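Look at the sequence and the model below before reading on. The paragraphs after them go through the structure part by part.

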Amino acid sequence: MKIIVILGPTASGKTDLSIKTALYLEKAEIISADSRQVYKGMNLGTGKITKEEMKGIPHHLLDVASPKRKFTVVQYQERARKAIKKIIKRDNVPIIVGGTGFYIDAVIKGMIFPSVPPDYRLRKEIEKENLFELLKKLDPKRADTIDKKNPRRLIRAIEIILKTKKPVPEIKEKPLPYPIIKIGIKNDNLPPLIKKRLLKRIEQGMIEEVKRLRKTGLSWKRLEELGLEYRYLALYLQEKIDYEEMIKSLAKEIEKFAKRQMTWFKRDKEIIWVKNWQEAKKIIKLNFF
RNA sequence: GCUGAGGUAGCCAAGGUGGUCACGGCGAAUGUUUGAAAAACAUUAGAUUCCGGUUCGACUCCGGACCUCAGCA
């Protein structure tokens with residue numbers, strides 16, 4: 001049994017390609033690898049596939065968490081691995097589809113993270129410290145390779161040390177025991193697509209979606225933390241920016257996000273880059289038929 | 001047309017007795033990624049409107065041209 005991964009930056013057409021692939025293989029199920037589509041109620045803003053678009057293909061790892069709480073890569077990893085097992089048991093092909101490179105890697109490489117859940121109270125307590133100096137004292141080795149000015153990373157490292165009373169362990173990996181075919185969607189002219197898609201989603205009610213989330217109890221802070229559309233729409237609804245600026249900055253931010261996604265993907269030399277379904281089809285044919 | 005203010009990177013902009021000038025933000029390029037990853041960070045590139053003068057030396061002072069803004073006509 002082989003596993004397919006379909007990845008690419010936002011707005012590159014992953015959803016469409018994944019459905020075509022699944023229909024072509026006939027016996028396939030899709031596992032989303034998207035750090036925002038895991039949340040319930042976040043649909044238009046995340047570009048989540050609709051029921052009709054699924055064309056009857058089973059989808060996993062969509063709508064599995066409340067947006068009120070932070071969902072993490074480890075939770076994703078556990079659930080995705082379980083889903084893969086089940087799909088293979090049914091003799092179907094698992095297709096992992098998404099743009100969150102970290103999530104994809106965590107699953108297929110099987111990165112074993114230190115089993116220290118985030119402790120937000122502890123994080124708050126130490127956030128005012130001189131984090132880098134503290135880490136240097138606790139674990140000089142990790143301090144040597146870490147981003148010295150990145151509080152997120154520093155705090156996490158310190159958290160691991162304080163909980164385990166040991167230095168930060170090196171990451172071990174337990175890769176999935178199946179061949180993986182990684183297909184990346186290449187598109188060197190995303191900005192117009194991004195803009196078009198953004199305007200379409202607003203027309204479809206993305207602003208109402210954010211209002212709804214707000215009504216169900218999400219704080220402005222949480223919405224801003226969710227990033228991109230949720231951040232900028234929250235700023236707009238709070239009247240911190242006007243409509244025109246919201247559209248302009250948001251489109252720009254999405255473009256930058258797409259570039260960051262590509263920066264992640266570029267490191268992975270196993271990815272086979274394709275421009276369209278025709279090219280993807282050839283690869284799938286070669287591997288499955 | 002007159003008066004005043006001003007022209008510093010793609011954009012916004014700070015300064016300084018005339019001395020290798022050149023802060024910062026946005027944007028751009030490249031990259032990092034150990035439980036927030038649509039997050040959080042890092043590195044790099046890039047500028048004195050033009051012409052002349054004073055001076056050992058001008059982004060800074062003087063004159064002119066051009067352009068912008070405000071007020072007046």
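What follows starts with the domains, moves to the sheet and the cores, and ends with the RNA and a few loop residues.

Residues are numbered from 1 along each chain as its sequence is written, while chains are lettered from A and ligands numbered from 1 in the order in which they are written. This is a predicted model, in which local features need pLDDT of at least 70, side-chain atom pairs count only at pLDDT 80 or more, and totals for chains, interfaces and linings use all residues.

Chain A is assigned two stretches for domain 1, 3-112 + 174-288, and one for domain 2, 120-170. Such bounds come from an automatic or database domain assignment. Between the C-alpha centres of domain 1 and domain 2 there are 30 Å.

Next comes the sheet. Helices (H or I, at least four residues) and strands (E, at least two) are DSSP runs, numbered from the N terminus. Two strands pair if DSSP finds at least two bridges between them. An open sheet is formed by 6 strands in the order β3-β2-β4-β1-β7-β8, with parallel pairing. Its edge strands, β3 and β8 (272-274), each pair on one side only.

Which strands pair with β4? β1 runs parallel to β4 and is joined to it by 4 bridges. β2 and strand β3 (residues 59-60) run parallel and are joined by 2 bridges.

Is β4 enclosed or open to the outside? A residue is buried if 20 or more other C-beta atoms lie within 10 Å of its own, exposed if 12 or fewer, and partly exposed in between, with C-beta atoms placed from the backbone. In β4, 6 of the 6 residues are buried, so the strand is largely enclosed by the rest of the structure. In a regular strand the side chains alternate between the two faces of the sheet. From β4, V93, I95 and V97 point one way, P94, I96 and G98 point the other way, and all are buried. β2 is also largely enclosed by the rest of the structure, because 5 of its 5 residues are buried. A28, I30 and S32 point one way from β2, and E29 and I31 point the other way.

In soluble globular proteins, nonpolar side chains tend to be buried together. A nonpolar core is a set of buried Ala, Val, Leu, Ile, Met, Phe, Trp, Tyr and Cys residues joined through C-beta atoms within 7 Å. The largest such core here has 36 residues, and those with the most contacts inside it are I4, V5, I6, I31, I95, I96 and I104. Among the elements that each supply at least two residues of this core are β1 (3-7), β2 (28-32), β4 (93-98) and α14 (277-288). Apart from this core lies another, of 18 residues, including I194 and L218. Two residues are in contact if their C-beta atoms, placed from the backbone, lie within 7 Å. Leaving aside neighbours within four places in sequence, I96 is in contact with I3, V5, I31, A33, I104 and V107.

The RNA comes next. A residue is near a molecule or strand if its C-beta atom lies within 6 Å of it. Around RNA strand B there are 47 residues, of which S35, R36, T46, G227 and L228 come nearest. The surface near RNA strand B receives the most from α13, with 9 residues.

R36 is found in the loop between β2 and α2 (51-54). With 21 other C-beta atoms within 10 Å, R36 is buried. Its contacts, leaving aside neighbours within four places in sequence, are M42, T46 and L226.

Phi is near 65° for L61 and near 55° for D63, each a positive value in a residue other than glycine. L61 counts as buried, with 23 C-beta neighbours inside 10 Å, whereas D63 is partly exposed, with 15 other C-beta atoms within 10 Å.
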